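This briefing goes through one protein model by topic. Please look over the sequence and the structure before reading on.

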Amino acid sequence: MQRVLRFISLGVLLLFLAGTAVAQINKWRDVHSVKKNETFTSIAQQYGITVDELKQANPEISDPGMLKKGERLFIPYTSAPSEPVANNEKIGVASRPIRLGIMLPLNSKNREGRQMVEYYRGVLMACDSVKKQGISVSVNAWNVEETTVISKILDTQEAKNLDLIIGPLHANKMQPLSDFITKHATMMVMPFAVNSNEVERNRNIFQIYQRPDAVNAVSVDYICKHFKNYHPVIIDCADEKSTKGAFTKALREAFKQGGIKFSLTSLKTPTNSLLKAFEENERNVVILNSGSTKSMNEVFSKLTIVQNLKPKAKISVLGYPEWQPEAASKENLFFKYDVYLPVNEFTEMRSNAVKRFHNKYRHNFHQDLMSGTPCMGLAGFDHAYFFLKGLHKYGKAFDGAAGRFTYEPLQAPMRFVRLGGGGYQNQGFLFVHYNASKRNVETINY
């Protein structure tokens, strides 16, 4: 089932979405507040629709015979075929609404569904934002779960008319969607990790998620340049579950090739030996071979000892994205040890733009954003805003490259490059620096 939203009165729409997870509905046109003694049949007759259409619009109502006063029901338009759109009409969209399709698990069954609902709400807020800039958007949203038969959705005229699809979340939907967007000249944005290589073959796909090996390669190159005047101290954390071994190995090789001398030590090393790994007349950068917060805490404890016994030694620490959830509670330590985090996305919670987004989200939906990194609401806003602006300005010629238009992301930088004869891969990376001398958080694009 789908929801079609025309961005004429989004404020009303957002208000109605406030108290419920996103429902699966056919051509949403109204919301009905149930009165005493009303039934599915009487409500359907009131709006001139069938009982089945009303049930399909409100699948979360498990027992239609037990309606409660004040309960809200989504009212769909009656089904009517849409006129097909020729592929060449999709090239230029500046003079008409952009037709956006969301194909994600939009439900309240589990955390995954709730996260996707929050992401979708972020998309809606982006649509509202670009509307104020004169960009009109028409949204179709489908609840596409792992068990959903997506061929039924793709066979609808609404799907065939789309300019842009955001999704999927599950790998088993990639092949049919890839074939579909090729046939109908539709752009597709893959926002999350999906076990598929379709982006390497399909020119219409934009992949926002960045594979760890790609992040590592870029990070190694940047680290060697940024820390060329530092003395690296690589610490073995004896973490058998660590996935950072390949990264630190590549970093050691790069240091050797660049003529950068480094020290190797261990958390189990006696204090006197550990002290020898640090240079007193140079700035040291500490690098762990584990991204666990347990290893992080152990290293911070060791560094406190090092600084007490070797007070002239200047120390910075290169961390990992896994440390982000600890940033708020460990902020003083992050500043003390001049921590750098190479990440795909980062949210400066103290920025005015992020505060405004949180306040607006709370106002629209009467609840706070979910905890966790990345923030799904911010991700939905960033992704939708970026591609809606790009499509409006460049049509299907939009390639997501740097400098196409000015946009300061709330969370996720985006800079796409084409993968050979395939689609586009995001190569927007950040170094988040907890600057010890200025005691502020800097973000460095690289």
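The secondary structure of this protein comes to 14 helices and 17 strands. The model is predicted.

**Overall build**

- The chain has 446 residues, and 53% of them count as buried.
- Along the principal axes, the C-alpha atoms fill a box of roughly 85 × 50 × 40 Å.
- When contacts between residues at least 6 apart in sequence are taken, 69% of them join residues at least 24 apart.

**Nonpolar cores**

- The largest nonpolar core has 50 residues, and Leu-100, Ile-102 and Phe-387 have the most contacts inside it.
- At least two residues of this core come from each of strand 4 (98-104), helix 4 (111-131), strand 5 (137-143), strand 6 (164-166), strand 7 (187-190), helix 13 (352-365) and helix 14.
- Helix 14 is the element that gives the most to this core, with ten residues.
- Leaving aside residues up to four places away in sequence, Leu-100 touches Val-123, Cys-127, Val-137, Ser-138, Val-139, Asn-140, Leu-162, Leu-164 and Ile-166.
- Another core, of 48 residues, lies apart from the largest one; Phe-278, Val-299, Phe-334 and Phe-346 are among its residues.

- Lys-389 lies in helix 14, which spans residues 376-394.
- This lysine is buried yet has no salt bridge.
- The nearest side chain of opposite charge to Lys-389 belongs to Asp-382 and is 13 Å away, whereas a salt bridge would need the side-chain nitrogen within 4 Å of a carboxyl oxygen.
- Beyond residues up to four places away in sequence, Lys-389 touches Val-130, Gln-133, Ile-135 and Phe-405.

**Backbone details**

- Most peptide bonds are trans, and most residues other than glycine have a negative phi.
- The peptide bond from Gly-167 to Pro-168 is cis, with omega near -5°.
- Pro-168 is found in the loop between strand 6 and helix 7 (174-184).
- Asn-37 is not a glycine, but has a positive phi of about 70°.
- The loop that holds Asn-37 runs between strand 2 (28-33) and helix 2 (40-47).
- Asn-37 counts as exposed because its relative accessibility is 70%, and the cut-off for exposed is over 50%.
- Asp-338, another residue other than glycine, has a positive phi, near 50°.
- Asp-338 is found in the loop between helix 12 (331-336) and strand 13 (339-343).
- The relative accessible area of Asp-338 is 7%, so this residue is buried, the cut-off being under 20%.

- Gln-56 lies in helix 3, residues 51-57.
- With a relative accessible area of 32%, Gln-56 is partly exposed.
- Gln-56 and Phe-74 are 18 residues apart along the chain, and their C-alpha atoms are separated by 9.6 Å.

Note on methods
Residues are numbered from 1 along each chain as its sequence is written. This is a predicted model: local features need pLDDT of at least 70, side-chain atom pairs count only at pLDDT 80 or more; totals for chains, interfaces and linings use all residues. Side-chain values use heavy atoms; hydrogens and water are left out. Helices (H or I, at least four residues) and strands (E, at least two) are DSSP runs, numbered from the N terminus. Buried means under 20% relative accessible area, exposed over 50%, partly exposed in between (1.4 Å probe, protein chains only). Lys and Arg count as positive and Asp and Glu as negative; His and the chain ends are not counted. Contact means heavy atoms within 4.5 Å. A nonpolar core is a set of buried Ala, Val, Leu, Ile, Met, Phe, Trp, Tyr and Cys residues joined through side-chain atoms within 4.5 Å.
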